[in-house]
Amino acid sequence: MLTPQTSPPASRSGVVIARPDPREPRAAQWRLWLASARNSLPAIGLLGPATVFFTVLFAIPVALMIRYSFLTQSPDGTITGGLTGAHYARLVNVDLYRHVLFATLRISLFTTLGTAILAYPLAILIARGPAFLGRLLTVLVIAPLLVNVVVRAYGWRVILANGKSGVLNWALAKLGLGSVHLLYTEWAIIIGSVQVFLPMMVLPLSTAIGRIDRAVEDAARTLGASAFEVFRRVTLPLSVPGLGVGCTLVFSLTASSFILPSLLGGDFTKMLGTLVEEQILSVFDWPFGSAIATVMVVIVLAVNIGASAFFERRTRTRAMEAS
Amino acid sequence: MRRKGIKGETIVLYGSGGLIVAFLLLPLVLPFVLSVSDTPFVVFPPKGFTLQWYAKVLADPDFTGSFSFSVVLSLCAAFGAVVLGVPTAVGLVRLRFRGRKLVQALVLSPLIFPTLVTGIALLRLFLSLGSSNAFTNLIIGHVLVTTPFVVRTVSASLLLVDPGLEEAARTLGATRFVAFWRVTRPQIVGGLVAGALFAFVTSFDNYAISMWLFDAGHVPLPMMMTSLISRMFDPGIAAIAALMILFSLVMVILLERLAGLRRVLSV
């Protein structure tokens with residue numbers, strides 16, 4: 001630490017260094033502070049309201065909810081202090097709840113795989129097909145996004161309805177095939193979720209494919225690769241950044257969805273979203289409900305962080321291999 | 001390009017693309033088909049043709065009341081999102097200060113944070129504060145989840161504006177505000193309209209926030225639809241779904257015309 005006492009004599013080696021006025025640093029500090037305050041006025045004016053709004057109504061409530069998940073609630077509804085991890089243990093140890101947790105992860109995984117498989121043909125057509133087709137497909141892919149999820153879930157309820165009333169079973173009967181039992185199973189939620197979240201996969205994927213240099217694909221073709229090989233060895237690896245974004249989005253959205261499991265899974269197939277709604281709005285078990293909600297946040301954050309780390313490293317190694 | 005007529009792989013690509021689009025649109029076309037059935041229950045395939053279910057639904061106060069409530073709520077939310085979001089976007093794009101990244105992360109985090117959990121946290125807060133006015137609570141919740149969209153679209157258009165133009169105006173004697181209003185504002189109006197429209201649509205479709213905050217006197221349309229699904233078995237429910245799809249179609253056309261769909265979604 002340099003303090004005035006330890007500083008060398010001002011006029012050594014003949015150079016005269018003006019000794020600062022002892023009052024000067026204070027005044028300078030004030031001037032600096034005033035200047036910075038004046039400079040930060042626009043920042044406070046422009047960003048102050050949103051910062052306060054999002055802190056008070058988002059960051060703090062979320063923190064309070066997470067704290068709630070460690071508290072204990074007595075049967076009469078009063079909350080007592082003393083931190084406990086019992087609610088998290090309950091989610092993992094009680095068969096019923098653990099089943100819901102695994103079902104959520106399973107459904108999210110299958111939905112992500114399903115959307116990835118269905119998204120590629122559309123993304124390739126959007127990025128590489130004729131311009132008018134690309135525009136048309138983009139609108140057709142985005143339009144369903146703006147239709148209420150409840151409406152889309154209703155459509156799937158009618159299509160997948162069990163027995164003779166379902167559209168799918170009607171079609172299967174016409175074709176002379178047997179009937180299927182899908183509504184209120186995990187498959188119904190997966191089918192509905194794939195349709196609802198497919199746009200979230202197609203859009204980043206088509207952007208990524210559009211960025212691939214056509215010359216690379218043409219080169220592979222010239223060298224004798226079949227269309228499938230071009231896709232497997234050129235388009236697929238180079239579209240990984242878009243795939244990563246899409247997978248993250250779809251997995252996160254499926255894992256934290258409520259309306260699809262509620263209308264397509266009913267009472268028979270539950271996910272974390274339906275479980276948390278039941279715990280908070282019907283059982284009024286706030287600490288357990290908060291714990292489930294916190295687990296949902298952890299899943300979503302883990303997927304986001306994990307995917308960005310994984311896909312970034314992959315992209316980097318690819319780039320290094322290429323160079 | 002080689003010319004060998006239509007290749008097998010092209011057929012596979014277009015064929016699968018067509019099937020996937022059909023899969024995507026199937027649940028959106030079906031309600032129209034079901035809604036015209038002249039039967040007391042929803043049946044497939046529909047029998048006969050009638051528009052009586054549309055007449056019945058449009059005269060149903062449950063549906064019309066929820067619809068108008070949702071419109072009012074979404075207008076309030078979009079207005080709040082613009083008031084809160086535009087200055088935020090301007091500050092985040094134009095100013096450089098310590099903590100900028102933090103403010104940006106805070107304001108945009110509701111986009112990746114599970115909305116369902118945001119709703120739970122808000123309900124917990126409102127219960128603790130004793131704030132039982134469902135309308136106010138709903139507006140706050142909807143502004144919270146729609147503001148990030150406005151921040152995103154307005155930031156995107158601000159980044160395209162040349163700050164030199166505004167500096168030129170100031171050199172010529174305009175005050176900071178006048179320079180912004182007459183030079184920069186006209187250039188970001190597109191982003192603002194896109195953000196506001198998208199905020200309206202997101203709020204109108206929102207379920208994950210509303211489900212925690214609504215009460216019997218303030219029922220947004222998605223909640224009303226869910227409750228009708230479990231107690232309405234005539235084709236009226238399909239007519240409601242069809243009307244909601246038509247409404248979304250109007251929004252899609254508006255968004256595409258005024259702002260461009262891809263730009264709104266920032267993809």
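pLDDT is the predictor's confidence in each residue, on a scale from 0 to 100. Keep that in mind, because what you are looking at is a predicted model: local features need pLDDT of at least 70, side-chain atom pairs count only at pLDDT 80 or more, and totals for chains, interfaces and linings use all residues. As for labels, residues are numbered from 1 along each chain as its sequence is written, while chains are lettered from A and ligands numbered from 1 in the order in which they are written.

Chain A averages a pLDDT of 87, with 89% of the residues scoring at least 70. For chain B the mean is 89, and 96% of its residues reach 70 or more. The complex as a whole gets an ipTM of 0.90 and a pTM of 0.87 from the predictor.

Helices (H or I, at least four residues) and strands (E, at least two) are DSSP runs, numbered from the N terminus.

| Chain | Lowest mean pLDDT | Highest mean pLDDT |
|---|---|---|
| A | strand β2 (residues 79-80), 80 | helix α3 (residues 95-128), 96 |
| B | helix α12 (residues 261-265), 71 | helix α9 (residues 210-213), 96 |

Where pLDDT is low, the predicted coordinates should not be read in detail.

Chain A has 13 helices and two strands. Call a residue buried if 20 or more other C-beta atoms lie within 10 Å of its own, exposed if 12 or fewer, and partly exposed in between, with C-beta atoms placed from the backbone. By that rule, buried residues make up 41% of the 323 residues in chain A.

How many residues of chain A are in contact with chain B? There are 64 residues of chain A in contact with 59 residues of chain B, where contact means that the C-beta atoms, placed from the backbone, lie within 7 Å. Helix α1 (residues 24-68) of chain A gives the most to the side of chain A that touches chain B, with 19 residues.

Most residues other than glycine have a negative phi, and most peptide bonds are trans. Y184(A) has a positive phi of about 70 degrees although it is not a glycine. You'll find Y184(A) in the loop between α6 (167-174) and α7 (186-211) of chain A, and it is partly exposed because it has 19 C-beta neighbours inside 10 Å. F284(A), also not a glycine, has a positive phi of about 60 degrees. F284(A) sits in the loop between α12 (272-282) and α13 (286-322) of chain A and is exposed, with 10 other C-beta atoms within 10 Å.

Over in chain B, the peptide bond from F44(B) to P45(B) is cis, with omega near -5 degrees. P45(B) belongs to the loop between α1 (8-35) and α2 (52-58) of chain B.

**Inside chain B**

Helix α6 of chain B is mostly covered: 20 of its 26 residues are buried.

Is L122(B) buried or exposed? L122(B) is buried, because it has 25 C-beta neighbours inside 10 Å. L122(B) is part of helix α5 (residues 115-129) of chain B. Leaving aside neighbours within four places in sequence, L122(B) is in contact with L57(A), P61(A), G141(B), W212(B) and L213(B).

Methods: Contact = placed C-beta atoms within 7 Å.
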